[in-house]
Structures are given as structure tokens and as C-alpha cells.
Amino acid sequence: MNEPQQQWTETIEAEHSLFDVKLKEVWRYKDLIYMFVKRDFISSFKQTILGPVWFFINPIFTTITYLIIFGRFAKLPTDGAPGLIFYLAGVTLWNYFSGALLGTSGTFTGNASIFGKVYFPRLVTPISIVISNLMRLSVQLILFLLVWVYYLINNEISPNIWILATPFLLLLMALFALGVGMIFSALTTKYKDLSMLLAFGITLYMYATPVIYPVSMLPGYFKNLAKFNPLTGIFECFKYGWLGVGDFSPVMLIISTFLILILLFIGILTFNKVEKTFMDTV
Amino acid sequence: MLALKAENISKQYRLGQVGTGTLSHDLNRFWHKVRGKEDPYLKIGESNDRTTKGDSEYVWSLRDINFEIEQGDAIGIIGRNGAGKSTLLKLLSKVTKPTTGKIFTNGRIASLLEVGTGFHPEMTGRENVFLNGAILGMTRKEITRKFDEIVAFSGVERYIDTPVKRYSSGMYVRLAFAVAAHLESEILIVDEVLAVGDADFQKKCLGKMNDVAKGEGRTILFVSHNMTAIKELCNKGILLNQGQLAYRGNILDTIIEYQKNSEAKARYIHEGPLDGAMGNENIRILEFSAQPNHGALIDIESGIKIKLRFYNFKAGINLDATFELRTYEEVPVFHTAAIISTNNDSETKEYCVEFVLPRNLLNTGNYYFKLIFGEDQRIPLYISANIIGFEVENVKFGKNMSVLPGIIRPELDFKINNYDSSTIF
């Protein structure tokens, strides 16, 4: 036989390894991630009068509401930090987390029509959602910075070196939202009940996270329990670094990192398992 | 060199409501897996015949498909609705994975299962070209390089910076197809995209597909119900029937094979004792068939030869056999009778009626015949069910390979006079 050796560039198989995550392929589709992020950004504000100003309006009003309800009426402590900046910090971070989590958890059900027509690495979608939300977060952080500078000048807060951990904190939160979001998105393709669970679960989860209260006010037993919430370390570290208040220890952050990496790992595996056949069940 | 090879691929679907009982099946599956046994639900399942009610909840949409495709071939995939064509394309384009089997590919695969996938109404034409291109697997660099060509092909230059929600549906489809047509991939999978747009644009699309298939040496898999387009564009064919590979060969043979195993048979022949034949105590039908009058394929230009043989038990009456032709959409085409006896002199014997439906009469489509035997053209002796059905394939009309509307497609003798403008004014 003089035929040139037959070679194959790809094999599509019924069985594939659970660990066969094609990150290289995702990288090849980076332009698609960029286009998805751009699409999300454009489509949010087309035909709105205020446009990106809406990014500011949401945290401002939420913060004011919290200030009145939790600060004035319920009189929850803020570890001595000014209420406005304390709540704004919590709201800004929480908005990012909940937005990214809800977005990624709808990956399969929300994009079924595209996924059913054309192939691209499915991981592209949750990644682009997390990045879109990161864009929104960076705009909201500007608002936070403005308020923060005001309090800094008035000498009402005392930030410290942990400010530098902020990018790492944001990354951790992004990975956390990505991991949990992927688990939910994978499971909701078959069991739609989970989207119901997530919808109210995320509201309840906010109260389990130190968004509107400091960890320091928790009684001993709950304080220990709170450490196993991956967001506790992140929120406390953020407030500790920028406002100089709170009950923060690096151990909390290590626990968070560890838990988040495990969840991310589980998330990628479940996602990878479901992405090949979800069109049949969705 | 092969571009693609499919080895024993099958795809199983679960019928009915997905969701009820899934948990119990999943647990059962898991339990079998833990004990190292085979998936219990893979053993069951029926072939995908949607006309009969099956016993199993699981059906095989595709079963044990094997084929190889040479580089540079243009393959037409044909089959009835539900034969598994779209499922096959979905597997090849990785939208979903096979239940069993393997597919080997050599080169980048781009699939066009629907044009305009992912178009966002709020974004401009320009932005959508980039978005859609990226979804189809192009890099931004590639799209930038081809951008002008894409816009020129689509013919919507003027609106390129307008959100596509302001587009007419025609413009939308044009732009979408233009992006898809400029994909650079070694293997291109196309499903029925040509069923969109006006006749003019369809022609343009077919032309482009032709360039891709013949000029650029790429491998193409093409699914369509338009046999003319398939005949023009493809050199080989794959025929699927109820999820199984029924035939593989050059495109013309595949189309002929496809007609042979039509849903309603183009031929009814009875053998054996007379009482077993279709009919009643008055009439027994022995043979009824529709065959091409010229060539091997029923198409618009072949003419159709109809043959009816039957046994008559009613002697001494005025017998007639009425042929009623209907389209699959139940539109009557004609209802006309062969009057067999006029002087009350029918006999107890076998009769044979033959006639030819002239060429250039029926347009492409599915038709069936129904028979009514009568006495004095008033009293029905026997009314048959829809006995034979056949499909008339399309042929090119001039340079146009699209399916033209209408039930009939007559060839008219057009007289074209060129008036001197001086005689009018």
C-alpha cells in the first residue's frame, strides 16, 4: 500500500474520560469569550436612557436601604466602621457573587438554542459570564473607591496592607461562582427543581455571609461555623484591608481557597460530563 | 485520504416526558455500573418508526451506522423525516455525543445547522458578523480579513451599523448566510439552510455551495429535501431509513434507492389466492404501480406510467375504474375514470388498465393514488385506501434548481416577441 498513512485530528466517542477537560480548546476560542462579554455589555444598556449609570444606581439604593433597615432599625454593629462604606463594601462584593452565580447556573438552560445548533467548548459560556460580571464589578468598585477616599480624607477608616489582597479575593470569588454555578447548571439540565432551590437559596445565603453584619458579632459556635463558608474569609479580608475593621485571620482565607478549589474542581468535572449530552435532556 | 470515518455509531433517545422517573433510571444505571455491569437501558430500544406505537420508552434514532468519507467528497444525506439525518449531523458537529461508537475526523469541522445562530437583535450587523463568526469557530483576525467580502456577499452594506432587529427577515438571513459561507474549514456540514430566503438568494446560496464543493476541494455533508440541489452539489450519497444506513453510493443511485423504499410503496402486487388480494367480493386488485416512463427515476420530466390489473366478479354491468390523485397535503389533483364497459357487458375476468401521466405535468412533491370502482359511474363497488404513493423529484428549470411553487409545472410554449420601440411610441 502506497497510501499515505491515514491520520485523524479528532475522535468523537461515546465514552470520554471525566478528566478530559479541553482547556487548550477553550483558549483557542478566546475571541468568542471576548465577543460574549461585549454582547452582554452592549445588550444590557441598549435603549436605556441612563446606560451604564444603572451600574451605580443599584448599589447606591441597596446600600441606603441596608443603612436604614439594618443600621438604624435593627442596629446591627459594623465593627466601628462608618455604616455607609461598610454596607457598600458588602453590597458591591455580594452583587458580583450573586450575579456571577446566577448567570453561570443558567448556562445550559439559557443557551440551549445556541448549544443545539453549533459546537464550541461549552466552558466558554460560564467563563464569559463571570468576566462580564467582573466588568460590572470594576465599574461599581469605582463608586466604592470614591466613597472610600471621602472617608479616608476624613480619617474615619484605617486601611492596611491587606488591600493588596483584593485582586486575589476577586479571583477567588470568581472561581467560587464559576464552580458552584457550573455544578448547578449541569444538574439543572436534568433536574429543573434545582433552579428553584438556587433562586431562594441565594437570598438565604446572603444572610449566612457577613454582608450586612461583621463576623465579630456572631456568638462563638456560629463564628466557627461561619469559617466554613468560603465567602466569610473573602468578605472579612476585604473589609479588614480597606476599612481596617473585622475579625480577620489568614487561616480563614486559606480555608476559603481550599474549599473553593475543591468546588471548582467538582464543578468542571460535572460540567464536562453533562456538556456532551445535555441537548438530549434539557 | 479519508476526511471522516464513522464506526458503529448509534444514538438512543428516551421518549415521552424526560424527567419523570429519570432519577430511578439514573440510580438503576449507577447501580449496574458499580457492579461492573452493562447499562441496562442500552439493550432495549426499538427502531425509530414513528407510525407504529412502540412498547419501549427508548428508541434508537440511529443504529450501527458505518461509513467513510474521502477528502473532497460532497455527500448528500437523504432520508424521510425522522430517518435520523439531523441526528447524524448533530453527532458529526459535536452538538451531542453518540450513545455508542466512534467518529474519526481529519480537519476542522464547521457546521451550519441553522444560519444566524447566536445573532443578537440589539447588536449591529457588524458586531453580529464578529459574534456569529466567533461562535462558528473563526478567530477575530480571520473575520477582519474576510469582513468586506462577507458584507459584499450579503448585500446589506447600507445597514451594517444598524441593529439587526431593524432588519427585514431577508436581510437577516442574507447576512447570516454570508458569515457562514465564508467559514474556512476542511469539513463543512450543512442542514437545510437553503430553505430560507427568496428564490434569488437561494440561487446565490446554491451557487456559493457549488463553488465550495467543486472549486475549493473541501469535504461537504449536505442534508436537504431538495433533490435537485443534492444532485447538483453532491457526488455521493448516504441513504438513511429509520435510523439505519440503507444505501451508500454515488448520488444518483442513492436517490433512486430512496424512491424505491418510499413511505407508500410505488408498486402493489398481489400474489397467491385471489381472496387475499386487496378488494372485496366485487373487485380484487392484483397489481397497481407507478413507474417512470423514461429513465430510472420519477422526476418532472420522466413522465409516470400507471398500471392497474384487477379481477372483476360483477358480470353484465357498466364498469368503471376511477383514479383519484392527491398530494400528500390532501389537495386533489384530478379524479378521472377509465370506463371499461358501456353496454352492460362486463365480464368476470382480469382487466388491465394502463396510462401515462405526461412529462412536465406534476411538479415536484409527494402524491398518492386512490381507486374507486363503480357501476354506471354512480354506485361504488369498491373504494380503496391510498394504495400507491410516489414522489416526483425536482429538475432544474433553466438555471434555477430551487423547488418552484405549485402542484403542476407545465412546460409552456412561450411566444416572445421583440417589439421595436418605434412601433409602440
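**Where the chains meet**

The contact between the two chains takes 30 residues from chain A and 37 residues from chain B. Keep in mind throughout that this is a predicted model.

On the chain A side, four elements each supply at least two residues: strand S1 (10-13), H2, helix H6 (112-115) and helix H13 (278-281). Which of them gives the largest share? That is H2(A), with 6 residues. By class, the side of chain A that touches chain B divides into 13 nonpolar, 8 polar and 9 charged residues.

S1(A) also pairs across the chain boundary. It is joined by 4 bridges to strand S5 of chain B, residues 100-105, and the two run antiparallel. To pick out one pair, A:Glu10 has B:Thr105 as its bridge partner in S5(B).

Helix H2 of chain A, residues 30-45, packs against helix H7 of chain A, residues 124-153, at an angle of about 50°, and their axes are 9 Å apart. That angle makes H2(A) oblique to H7(A), and the crossing is right-handed. From H2(A), the residues in this contact include A:Leu32, A:Phe36 and A:Phe41; from H7(A), they include A:Val124, A:Ile131 and A:Met135. Counted by class, the contact of H2(A) with H7(A) has 9 nonpolar, 3 polar and 1 charged residues. The H2(A) residues that meet H7(A) include A:Asp40 as well.

H7(A) has another packing partner to mention. With helix H8 of chain A, residues 166-188, H7(A) makes an angle of about 140°, and the axes are 10 Å apart. How is this pair classed? H7(A) is oblique to H8(A), because angles have to be over 145 degrees to count as roughly antiparallel. The crossing of H7(A) and H8(A) is right-handed. Here H7(A) brings A:Pro126, A:Val130 and A:Leu134, which meet H8(A) residues including A:Ala174, A:Leu178 and A:Met182. The contact of H7(A) with H8(A) has 7 nonpolar, 2 polar and no charged residues.

Let me move to chain B. The chain is divided into domain 1, which is 2-7 + 64-108 + 185-260, and domain 2, which is 267-392. Taken over C-alpha atoms, the centres of these two domains of chain B are separated by 37 Å.

Next, a sheet in chain B. Its 4 strands form an open sheet in the order S16-S15-S18-S19, with antiparallel pairing. Which strands stand at the edges? Those are S16 (332-339) and S19 (379-392) of chain B; each has a single partner strand, so one side of each is left without a neighbour in the sheet. On average, with direction ignored, neighbouring strands of this sheet are turned by 20° against each other.

Inside that order, S15 of chain B, residues 319-327, is joined by 9 bridges to S18 of chain B, residues 365-375. Along this pairing, B:Phe323 stands opposite B:Leu371 in S18(B). S15(B) also pairs with S16(B), over 7 bridges and in the antiparallel sense.

One residue to look at here is B:Asp320. It stands opposite B:Gly374 in S18(B), and its bridge partner in S16(B) is B:Ile339.

Last item: the hairpin of S15(B) and S16(B) has 4 residues between the strands, and B:Glu330 takes a positive phi near 70° in that hairpin.

Technical notes: Residues numbered from 1 in each chain as written. Chains lettered and ligands numbered in written order. Predicted model: local features only at pLDDT ≥ 70, side-chain atom pairs only at ≥ 80, totals over all residues. Pairing = 2+ DSSP bridges. Axes fitted to C-alpha atoms, helices over the stretch in contact; angles between N-to-C directions. Parallel < 35°, antiparallel > 145°, perpendicular 65-115°, else oblique. Left-handed = near helix turned anticlockwise from the far one by under 90°. Contact = placed C-beta atoms within 7 Å. Nonpolar A, V, L, I, M, F, W, Y, C, P; charged D, E, K, R; others polar. Domains from an automatic or database assignment.
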